[in-house]
Each structure stands twice: as C-alpha cells, then as structure tokens.
Amino acid sequence: MTTPKEDVTQLAARADAATARLTEVRASIARSIFGLEDVVEQALCVLLSGGHGLLVGAPGLAKTRLVHTLAIVTGLDDKRVQFTPDLMPADILGSEVLEEDAGGKRSFRFIPGPVFTRLLMADEINRASPRTQAALLQAMQEGFVTVAGVRHDLPKPFHVLATQNPIEQEGTYPLPEAQLDRFAMQIDVPYPDREAERAILIATTGTAEDSALPVLNAQELTELQALVRAMPVGEQTLSAILDLLARARPDGSADAEVADAVAWGPGPRAGQALMLAVRARALVQGRLAPSTEDVAALAGPVLKHRMALTFAARADGLNVDRLIARLAAEAA
C-alpha cells in the first residue's frame, strides 16, 4: 500500500524538525559526555524506539553519568537503584503499609517504589538475586506492576537503562535469557581514546564543569517515538533484517558455522527491536528511511545478548561479535 504524497510530505517535515531537535540533544549531551559518539547514538536509539538498554563496561567509563545526562536532556524524571545481593523486589516495586486513621479505621496504602519513574537506572543489575531481577520483568514488558493483586500503571514513557560490569563475576547472578531479551540493545561502553580522555581530564578536574542542558520533555519524546514507528522501511532493508535473523538461528540456518557453533539464536523480539532501532538511527542521522547500513551497524547491539555460543565454539575462540558482524555484512 503506497503512502499518499501529502502524507509523505508531512512525514518528511516532521522528520526534518525531529532531526534538528535531536541535533540539539546530541550537542547538549556532548557538554558532559566525551568521546562516546557511538554509545550515545545507540542509547538515543533505545529511547526513541521506546525500549530498554543494557550498558556493559568496566567501572569508571561514565555509564552512570550517561544515564543521568540522558535524563536531563530528554526531560525525563529519573531514579537510580543500586542492585545488591540483599535487594528485595519490594525495594524496587514498592509495598503496602497498614495505616490507621483518626477514627481508628485501618487500611492499606501503597507506597510506590523507585520503578515509578520515567527513566530507571538499574546499576550493576547482575549483583541482585534472580528473584529481584525478575521483579523488573513485568514492568519492562507490560508497563505496570502488580502488588498484592492490584495493578499499578507506570508513567509513560518508561525506560530502564541497566548497567553491568563484565569484569567481576564472583558474587553476581547472570541475567537469564528471558530478562536479557527484554533489553532492546546491549550497548558496550569502551575505554576512551587519547583525545577523548584528554578532554575528560581537562573538563572534569578544573574549578568549573559543564553540564548538559534540558532540550526535550516527556511529551516531545513520546511524539518522537510515534514518529519512529511511522517512518517507512524499504523492502531491501526489511529483507536484510529477515535474512540476518534466519542466518543467526542454528535451526535451519544456511550458514554452517552458525549451525555448529550457536546454541540458541534471536527470536522475533530481536527483529522487532532491530526494525525500530534502524528507524531511530536514520532519524538521528537526518534520514527519512533506514538503509541496510543501519542494519549492519546495529546488528551487534541488538543480537549479541540474544545469542549464545556452544562450549566447543567458545573453546575454539569463536567470538559472537565477529560472527554477528559477518552475518550482518552478508545479509546487508
């Protein structure tokens, strides 16, 4: 079904205005975050697609700072939860307390937990017990929580940006596949290069320090998310996504290496995340429609936490990032 010319013109005008606003967003973020252009772009793609992100990197790489900066720039109220082994589900979701009024009548009152915010930072999420990690599942997928049998809706938009330290594994609880699949993208945060680190040292060790400025608000972000879903996706780009998913699944994959080395591959939710993410990346870069280059660029962040290699493949030194990069290049 073709889109009427006037609709295309209107969509293009909205996209142009959105691109200008997103340029302001990136400029504001750059006041506080140095040398992480790809990470910032991927984080924006997560928010614009309406999803959740998992930031993975060593300590001290500005993961927490990035999340707080994104909250400032997008105008979302944010809360931070430091995940620890003794953290309980009620510490995240909230709990009911028994109160007695002046007349002696007793009743339960729900006290909302930190999950009732628009941008929740789950810091070091793999340090909490599986029971507490699972407390986020319903919130991330459904947009509401249930406490004592009563449904409590979360504010919209609602996003979880979780951090994870890939170095320390002792005393941690690896996220189960079901919860990993709730994250639209896994964003690896690298060490800064020399020029970026120079800028960091100069900007953060003086008497004054620049901070990000508000650009958007929650309503504008919601409108941008609606625009992302309205953007057209060409048949070539859609075919590249479908080909990539089919190649990455060991059952029925035409790729011999995948059939032998991959224990389990991405499901349909990965395709949904990639469809939205490539549109968001195109919008951030000032284009009306995504291309196969967007598919290749975002295949790793979308798929790497949704695939697992066999023990034999890991022992042979196979790297899932390189495998996905090859599959994406062939599909695109």
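The lining of the largest pocket in this predicted model splits into twelve nonpolar, ten polar and seven charged residues; here Ala, Val, Leu, Ile, Met, Phe, Trp, Tyr, Cys and Pro count as nonpolar, Asp, Glu, Lys and Arg as charged, and the others, Gly among them, as polar. A pocket is an open set of points on a 1 Å grid over the protein atoms alone, where a 1.4 Å probe fits, with protein on both sides within 12 Å along at least five of seven lines, and lining residues have an atom within 4 Å of a point. The space inside comes to about 720 Å³, a volume being what is filled by probe spheres set on the points, which are joined across faces, edges and corners. Of the 29 lining residues, Ser 49, Gly 50, Gly 51, His 52 and Arg 229 sit nearest the centre.

As for α12, nine of its twelve residues are buried (under 20% relative accessible area, 1.4 Å probe, protein chains only). Among them are Asp 294, Leu 298 and Pro 301.

Residues are numbered from 1 along each chain as its sequence is written. Local features need pLDDT of at least 70 and side-chain atom pairs 80 or more, totals for chains, interfaces and linings use all residues, and side-chain values use heavy atoms, without hydrogens and water.

Definitions and conventions. Buried means under 20% relative accessible area, exposed over 50%, partly exposed in between (1.4 Å probe, protein chains only). Helices (H or I, at least four residues) and strands (E, at least two) are DSSP runs, numbered from the N terminus.
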